[in-house]
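Biologist: I'd like to learn how to read the sheets and the helix packing in a model like this. Could you take me through it?

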Amino acid sequence: MRERNIVHLDLDTFFVSVERLRDSSLVGKPVVIGGLSDRGVVASCSYEARQYGVHSAMPMKLARNLCDDAIIIRGDSEMYTKYSRLVTDIIAGEAPLYEKASIDEHYIDISGMDRFFGCMQWTHELRQKIIRHTGLPISYGLSVNKTVSKIATGEAKPNGELEVVRSRVIPFLSPLSIRKIPMIGDKTYHLLRSMGIQTVRTLQEMPVEMMEKVLGKNGNEVWRRANGIDAAPVRPYSERKSISTERTFEKDSINVVHMQELLVSMVERLAYDLRKKQKLTACITVKIRYSNFDTHTLQKHIPYTSFDHVLIAAAKELFDRLYKRRILIRLIGVKLSHLVGGVQQLDLFEDTPEMIRLYLALDKLRNRYGKKSIRRAVGISNREKMKEEEDESRPDRTLPEEIEQRASWQAGGSTFKRLWKINRPDYLTGNAS
Ligand SMILES: [Mg+2]
């Protein structure tokens, strides 16, 4: 196989760095970004705060206890989205093939470039250009595949560069903690640690069969990564790549209420798919087609999100701006584009932890009982409501206690009832989806 040269670029403490551009007095101080209340969660923190043991995803209350002097900032997802795009634009202007892996991470495939120009020099100049144009610190790793490059970036931080050539891959990985392997999460880490495994070297020396025995089907992949083997390609990023859905009415319609309800349920479905794929979107498009086949679309750039309530508000606004003619409509469509990898991190400071838990609880139920098991009450059409009312008179209508209890425990009963309507799970109605 042809030798590859893969760059992994990662902005250092991205949210904090953006805040420091706005307010230079934050430089050198422990800065924590996240929800301001005690129930909030840390979304990002500076290296100075990390020295006190603060880390992301930690409850804000604990972060405050660990670091008295911490400057706590609510964060501004719109501004972070703007800087994320700025960095992507610079990379797009220079790189032959790049992937936007998350809001602050990119992979670039520069295989073959070394014949013309040193890979390291090219990447160094790209990094300098990003720093010059944005003022943001950024680090990179350059190696033979995505896994090793990403680990190299981690070792280069903060504000550094590191190349790991083919012959150095094994010795580079060996002494590192198994934690550094991107695939090893909390659970796997603790399992391996309980077996006395601490460094990557031990994994490298273990027979792959043994890893499979310990970690099941992931064992093989973890073993390969520990040995610096990763064939995953850099997937070209395109803002146009999207997920979408559209619905044609059986009979052309002017029923605005019905159309809005339909729009809500379409957005909900897409947002769920987005979260399932662990992606965020920064652009929503709504399309309507009139009965005479005239088609109109409007799009809106939004801060990266995968939340229904943010997307629904944007979709409704676009629909209201689009549907001015009050004539028969034949079709409605919704599209989410500018997709990047990531779980909802940007909204941590905009929404209460209850809101995030609510989404987690709802998605869990969807995963288990099917996409249609839970929907916003407004997204259920009148016809379905009528059908459901009929159902309600049946004696077996009662929801399984487990669902109700888990949902209200995880989400807070009143919020849940106000926002969502729980349909009877498919296994009770017999319509498996
Ligand atoms: Mg980063």
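Biologist: How many bridges join strand 2 to strand 3?

Modeller: Keep in mind that this is a predicted model. There are 3 bridges between strand 2 (residues 31-34) and strand 3, and the two strands run antiparallel. For one spot to look at, find I33, which stands opposite S44 in strand 3.

Biologist: What is the strand order in that open sheet of 3 strands?

Modeller: Read across, the order is 3-2-4, and the pairing is mixed. Strand 3 (42-45) and strand 4 (71-73) are the edge strands, each pairing on one side only. From one strand to the next, the twist averages 25°.

Biologist: And which order do the 5 strands of the other open sheet take?

Modeller: That one goes 5-6-1-7-8, with mixed pairing. At its edges stand strand 5 (98-102) and strand 8 (161-163); each has a single partner strand, so one side of each is left without a neighbour in the sheet. Here the twist averages 15° from one strand to the next.

Biologist: In which sense do strand 5 and strand 6 pair?

Modeller: They pair in the antiparallel sense, over 4 bridges, with strand 6 covering residues 105-109. To find your place, pick E99: its bridge partner in strand 6 is Y107.

Biologist: Which strands does helix 5 lie across?

Modeller: Helix 5 lies across strand 1 (6-11), strand 7 (138-143) and strand 8, and runs at about 165° to strand 7.

Biologist: Now the helices. How are two packed helices described?

Modeller: By the angle between their axes and the distance between the axes. Take helix 4 (residues 77-94) and helix 5 (residues 119-134): their axes come within 10 Å and cross at roughly 140°. The crossing is right-handed.

Biologist: Which residues of helix 4 and helix 5 meet there?

Modeller: From helix 4 you have Y83, L86, V87, I90 and E94, and they meet L126, K129, I130, H133 and T134 in helix 5.

Biologist: At what angle do helix 10 and helix 11 cross?

Modeller: The axes of helix 10 (residues 208-215) and helix 11 (residues 218-226) cross at roughly 130° and come within 7 Å. The two helices are therefore oblique to each other, and their crossing is right-handed. V208, M211, E212, V214 and L215 in helix 10 meet N218, G219, N220, V222 and W223 in helix 11. That contact divides into 6 nonpolar, 3 polar and 1 charged.

Note on methods
Residues numbered from 1 in each chain as written. Predicted model: local features only at pLDDT ≥ 70, side-chain atom pairs only at ≥ 80, totals over all residues. Axes fitted to C-alpha atoms, helices over the stretch in contact; angles between N-to-C directions. Left-handed = near helix turned anticlockwise from the far one by under 90°. Contact = placed C-beta atoms within 7 Å. Parallel < 35°, antiparallel > 145°, perpendicular 65-115°, else oblique. Nonpolar A, V, L, I, M, F, W, Y, C, P; charged D, E, K, R; others polar. Pairing = 2+ DSSP bridges.
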